[in-house]
Amino acid sequence: QVQLLESGGSLVQAGASLSLSCAASGRLFSSYVIGWFRQDPGKPREFVAAINGRSDESRYSDSVKGRFTISRDNARSSVYLEMNDLKPEDTAVYYCAGDPRANFEYYDYWGQGTLVAVFA
């Protein structure tokens, strides 16, 4: 089992950059796929990016590809989401989630979320 805590959300202007962090506890963290998701109120939750335990495979949604970068540091039990050229449509609560089966499909563990708000 792993517990996840996001941080780094903020109010920023369009075009700015922001980095989110996801700190994990749990001895099996390095084997989990960790994903970032986001949800704007009134909209369904949306996949953003995910990375496997060895950091040799990552996936991105088309809406963030080329602007966002996911990375992880297993020694620090942390996963990061570097977001560049932010747009108002990136506004959402961002969640990190853990997939213990490491198949990029079933995320069993979720953090509480951190708010990113982008104004034009």
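**Disulfide and salt bridges in the predicted model**

A search of the whole structure finds ten salt bridges, a salt bridge being a side-chain nitrogen of Lys or Arg within 4 Å of a carboxyl oxygen of Asp or Glu. The structure is a predicted model, in which local features need pLDDT of at least 70 and side-chain atom pairs count only at pLDDT 80 or more, while totals for chains, interfaces and linings use all residues. Residues are numbered from 1 along each chain as its sequence is written, and side-chain values use heavy atoms, with hydrogens and water left out.

One of the salt bridges joins D90 to R67, with the closest N and O atoms 2.8 Å apart. D90 lies in the loop between β8 (78-83) and β9, and R67 in the loop between β6 (58-60) and β7 (68-73), so the pair ties together parts 23 residues apart in sequence. Strands are DSSP runs (E, at least two residues), numbered from the N terminus. D90 is buried, at 1% relative accessible area, and R67 is also buried, at 10%; buried denotes under 20% relative accessible area, exposed over 50%, and partly exposed in between (1.4 Å probe, protein chains only).

R59 is partly exposed, at 37%, as is E57, at 33%.

The structure also holds one disulfide, defined as a pair of cysteine sulfur atoms within 2.5 Å. The sulfur atoms of C22 and C96 are 2.1 Å apart. This pair connects distant parts of the chain, C22 in strand β3 (residues 18-25) and C96 in strand β9 (residues 92-99), 74 residues apart. Both cysteines, C22 and C96, are buried.

Definitions and conventions: Helix = DSSP H or I, 4+ residues; strand = E, 2+ residues; numbered from the N terminus.
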